[in-house]
Amino acid sequence: MSTTDVGNFRSLVAEREATAEPEAAAATAAANGPAWSNMKAPDARSQQSAAVAVTNGRRALKVFLSNPNALFGTGFLVFVILVALTAPILYPDDPLSMVGRPFLWPGQNSAYPLGTDSLGRDVLAGILHGSRISLFVGLMATALGLTFGVLVGSTAGYFGGWIDDLLVRLIEIFQTLPSFVLLVVLVAIAQPSATTVTLAIAVISWPTVARLTRAEFRAIREKDFVMAARSLGYGHARIIFREILPNALPPIIVTSSVMVATAILMESALSFMGLGDPNVVSWGSMIGTGRELVRTAWYLTALPGLAIVFTVLALNLIGDGLNDALNPRFSQDR
Amino acid sequence: MAPLLQVDNLTIRFPRAEPVGNLSFEIEQGETLAIVGESGSGKSLTALALMQLLPRAAKIANGHITFGGRDLTKLDAREMRHLRGREIAMIFQEPMTSLNPVMTIGRQIGEVLKVHEKLSGKAARERAIELLRLVRIPAPEKRVDDYPHQLSGGMRQRVMIAIAVACKPKLLIADEPTTALDVTIQAQVLDLLDTLRRELQMAVVLITHDLGVVAQWADKVVVMYAGRKVEQALPGDLFNDPLHPYTRGLLAASPRLKHDFHYRDGALTEIPGSIVSAVGEAGCPFRPRCNQARASCSHHVPQLIVPAADRLVACPFTTSLKAVPHAAALSL
Amino acid sequence: MPLLSVSDLKTHYKSRDGLLRAVDGIDLVVERGETVGLVGESGCGKSTLGKTVLRLVDPTAGHIEFKGEDITVLDQRNLQRVRRSIQMIFQDPYASLNPRQTIGEILEAPLVVHKVGDRTERRQIIANIVAKVGLPAESINRYPHEFSGGQRQRIGIARALLLNPELIVCDEPVSALDLSIQAQILNLLLEMKKEFGLSYLFISHDLSVVRYFADRVMVMYLGRIVESADNATLWSDPRHPYTRALMEAVPDPSRPRQAAPLGGDLPSPSDIPSGCRFHTRCPLATDLCRADEPEFRAIAPGHQVACHFADRIN
């Protein structure tokens with residue numbers, strides 16, 4: 001008889017179990033550990049010890065925190081945010097008011113550590129207050145662009161068909177227009193203010209997010225777990241927001257950090273051109289007013305310029321760090 | 001005569017794991033050796049070690065791989081590159097991803113010939129057509145200019161084989177060559193490999209999880225579990241009289257086409273648990289799942305013993321079911 | 001009245017290569033408590049058929065009746081009601097669970113969507129089902145990546161059982177698993193069938209698994225059923241040359257090797273051969289086969305074959 005015969009093997013196993021020595025039985029019991037309600041899947045036991053309950057998020061955080069560049073970026077951004085929050089306390093006066101002699105170089109007068117500009121305004125106060133507008137515009141514009149872009153992209157990617165065609169056309173219309181020109185036109189039509197600048201930047205930045213989200217949704221829509229969700233009778237909203245979106249988020253999060261940086265740059269560019277809010281100081285407007293004096297008082301453009309460079313750099317470093325942390329191909333440690 | 005390939009006590013180590021431990025086997029010229037195991041058994045890493053293509057984190061911690069009198073673990077990158085594709089070739093599981101999608105298949109075959117045999121473009125193309133004919137691709141003159149996506153899965157695997165045998169290697173490593181293919185195509189591809197083996201006098205290392213494939217296409221079988229060789233035998237012996245509890249369990253657990261065993265007759269015999277339980281196991285890696293385990297199994301890794309000619313088994317408590325008809329006699 | 005009855009079902013896709021006739025006129029019946037095995041090579045349309053039965057893919061033509069109700073015409077709301085009763089188990093245990101939800105969340109969602117019980121009752125149901133499929137109770141707080149392939153498939157089975165379905169479409173439930181795990185999952189499916197009185201439509205390319213698991217077997221080739229019979233008859237007396245070739249192609253240790261039974265590849269479902277679909281690969285093909293598509297006819301009670309020469313093959 002062939003030994004591959006199942007019945008034969010089973011009877012052998014049964015007899016073995018019946019005649020097993022006590023020491024073997026004791027060893028097996030010890031190995032099994034705590035008894036469960038059901039022993040049909042003893043493979044689960046081995047996993048208990050092998051798999052430490054580290055969630056996706058915790059693992060990503062670990063990878064992110066072990067990346068010195070990302071830590072530096074985060075540190076710098078936290079510093080800028082603290083500065084923005086404390087600026088009204090440190091310099092309660094309007095940073096646009098004249099406080100001293102014009103053209104004081106940095107270090108000349110300890111009351112104005114970073115000097116004064118052509119109208120005698122405190123450069124340090126300007127930079128500190130300027131961080132408020134830069135961050136506000138950067139974060140708000142990104143939030144708005146992200147929300148709208150994700151909505152459009154997920155709708156297009158999830159439903160497909162004519163809805164997709166229509167939304168893709170809409171995205172393409174925005175993407176074919178030169179975005180900065182569109183931004184200038186939008187701000188010029190509306191009165192320049194922090195709000196209109198924010199809205200205008202959001203208007204030109206959402207198509208990128210929409211494209212990305214749509215691509216992610218189209219890929220994830222075909223995954224088996226989405227099929228499973230549909231087979232269980234879940235509604236569209238639940239599938240979009242609970243099943244697909246969390247899986248589509250990593251690249252969107254990475255993009256958003258770069259979007260904040262881009263928005264800060266755009267705001268600066270607008271202010272530089274004199275299209276910013278005239279009633280508040282921003283890094284861009286400081287460069288704008290200082291640009292004619294670049295040869296005589298270069299610090300007036302260099303200092304707010306450095307503020308922009310470091311903030312944008314910090315955001316990009318965070319973006320890279322997030323990319324490494326959220327991309328499972330890199331975060332899988334052996 | 002020395003065997004074509006001899007692997008001695010091969011141990012592959014990752015920073016935190018040892019996926020292959022103390023593995024030894026040899027293969028004669030023109031022979032097909034099957035390495036069987038499930039995922040996590042270390043069989044694919046072994047194949048990569050033979051090619052010296054291990055992932056960066058993996059290191060050969062111990063052992064030698066002797067091929068044609070040379071120790072592959074001691075060769076430098078240039079010498080190994082010279083050997084790869086020319087004397088040792090490999091085919092992979094996924095014919096879809098192992099071909100370059102933007103290159104015609106003729107050029108991909110020609111590339112190997114240009115690198116190793118310094119053929120000119122025209123000569124390489126002619127040899128490519130010849131090779132496509134050798135792997136039984138119909139109308140090779142036309143197919144040579146096709147891109148991989150224009151071919152079916154079976155055809156792509158034939159192209160992979162054509163590339164692998166282009167320089168008439170002495171050893172061909174086939175890592176799950178038919179797992180992605182349907183049964184009817186699988187039979188065609190394995191037959192082709194077998195014919196080429198005889199025509200080109202190659203030795204073949206056939207890595208698979210499919211016991212049926214082993215039975216029909218291998219001269220010698222190595223069964224691996226959790227990085228260790230647990231049994232070695234001729235295929236006939238292995239199927240008629242498996243010795244290691246793992247091999248026995250596998251054969252008992254697999255439904256067989258020619259056996260009249262239906263679910264109404266009873267449940268399938270299970271091997272409880274999964275291969276993950278071998279992680280960190282001090283003694284026999286199969287102990288946590290073994291129905292014959294006893295306390296001494298956890299003390300040290302069992303040595304390979306020779307229970308009969310041409311056989312090896314890594315279990316001190318196993319006895320041939322054939323030789324001992326009474327199962328009770330097994331519990332020594 | 002059969003539990004599931006499919007008549008003249010067609011699912012066609014538009015693709016770059018033209019019209020893809022994945023499912024091309026299928027009749028199929030699943031009785032209560034029965035396991036129907038559906039066998040075929042990849043690309044024969046068996047997965048599409050499974051998804052069409054759940055209306056995850058919309059059929060091009062034909063009817064699907066579940067307990068006498070035609071579900072091809074149902075709107076989304078009524079479909080949701082039916083979906084409680086028809087569930088699916090997927091092939092890939094790695095892709096079929098949302099990687100960002102814990103097992104508890106994965107298992108609770110169906111109950112929430114179908115408004116089953118309150119929070120405590122749902123907890124109870126989940127704890128029960130988790131124990132039934134043989135997973136430790138604390139699994140519900142873990143994420144899918146912490147489980148092995150076999151365990152994930154257990155979770156998939158638990159999810160399919162949650163809503164007390166009557167029919168489960170199993171799409172290659174063990175093909176992605178290691179041999180030593182396959183038997184565990186097949187045994188679990190059998191136990192669950194007994195306990196919950198389930199019926200299965202069991203889709204697989206693995207003949208030996210279907211041989212063990214099914215009550216009735218249908219062999220599919222290029223979008224059509226070519227042979228259908230009860231389990232014992234099909235294996236002892238296969239009449240379609242394709243069925244025979246499939247059986248011979250399965251390598252079997254207990255038998256010497258034969259030459260590959262079939263040459264050539266499966267033709268593309270966008271370019272189905274005229275006449276008998278199988279004639280391009282059939283060793284017995286004649287001019288008749290090239291011209292006329294054979295009728296799917298009964299050659300014995302419960303044994304149907306689509307071959308002109310079914311009577312002469314034995």
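The accessible surface of chain A comes to about 16,400 Å², and 66% of that belongs to carbon and sulfur atoms. Areas here come from the Shrake-Rupley method with a 1.4 Å probe, and for residues only the protein chains shown count as cover. Before I go on, the conventions. This is a predicted model, so local features need pLDDT of at least 70 and side-chain atom pairs count only at pLDDT 80 or more, while totals for chains, interfaces and linings use all residues. Residues are numbered from 1 along each chain as its sequence is written, chains are lettered from A and ligands numbered from 1 in the order in which they are written, and side-chain values use heavy atoms, with hydrogens and water left out.

Staying with chain A: it has 14 helices and zero strands. Helices are DSSP runs of H or I with at least four residues, strands are runs of E with at least two, and both are numbered from the N terminus. Of the 334 residues in chain A, 46% are buried. Buried means under 20% relative accessible area, exposed means over 50%, and partly exposed is in between, with a 1.4 Å probe and protein chains only. As for contacts, meaning heavy atoms within 4.5 Å, take those in chain A between residues at least 6 apart in sequence: 70% of them join residues at least 24 apart.

Next, chain B and its sheet. Four strands form an open, antiparallel sheet in the order β2-β1-β4-β5. Two strands pair if DSSP finds at least two bridges between them. At the edges of the sheet in chain B stand β2 (17-27) and β5 (70-71), each with a single partner strand, so one side of each has no neighbour in the sheet. Strand β4 (residues 59-67) of chain B is joined to β5(B) by two bridges. In one of the pairings, F67(B) has R70(B) in β5(B) as its bridge partner. Helix α1 (residues 43-51) of chain B packs on this sheet and touches β1 (5-14), β2 and β4 of chain B, with its direction at about 115° to that of β1(B). For that angle, axes are lines fitted to C-alpha atoms, for helices over the stretch in contact, and angles run from 0 to 180 degrees between N-to-C directions.

Now the charged pairs. Side chains of opposite charge can pair when their charged atoms come close. A salt bridge here is a side-chain nitrogen of Lys or Arg within 4 Å of a carboxyl oxygen of Asp or Glu. How many are found over all chains? The search of the whole structure gives 41 salt bridges.

Two examples are in chain B. E130(B) and R127(B) form a salt bridge at 3.6 Å, N to O. They are three residues apart in helix α4 (residues 121-134) of chain B, about one helical turn. E130(B) is partly exposed at 44% relative accessibility, whereas R127(B) is buried at 18%. In helix α7 (residues 183-200) of chain B, D194(B) and R197(B) are also three residues apart, and their closest N and O atoms are 3.2 Å apart. D194(B) is buried at 6%, and R197(B) is buried at 10%.

R297(C) lies in strand β11 (residues 297-300) of chain C and D311(C) in the segment after β12 (303-305) of chain C, so the pair ties together parts 14 residues apart in sequence. R297(C) is partly exposed at 24%, and D311(C) is partly exposed at 49%. Finally, salt bridges that share partners join R21(C), D24(C), R224(C), R277(C) and E293(C) into one network.
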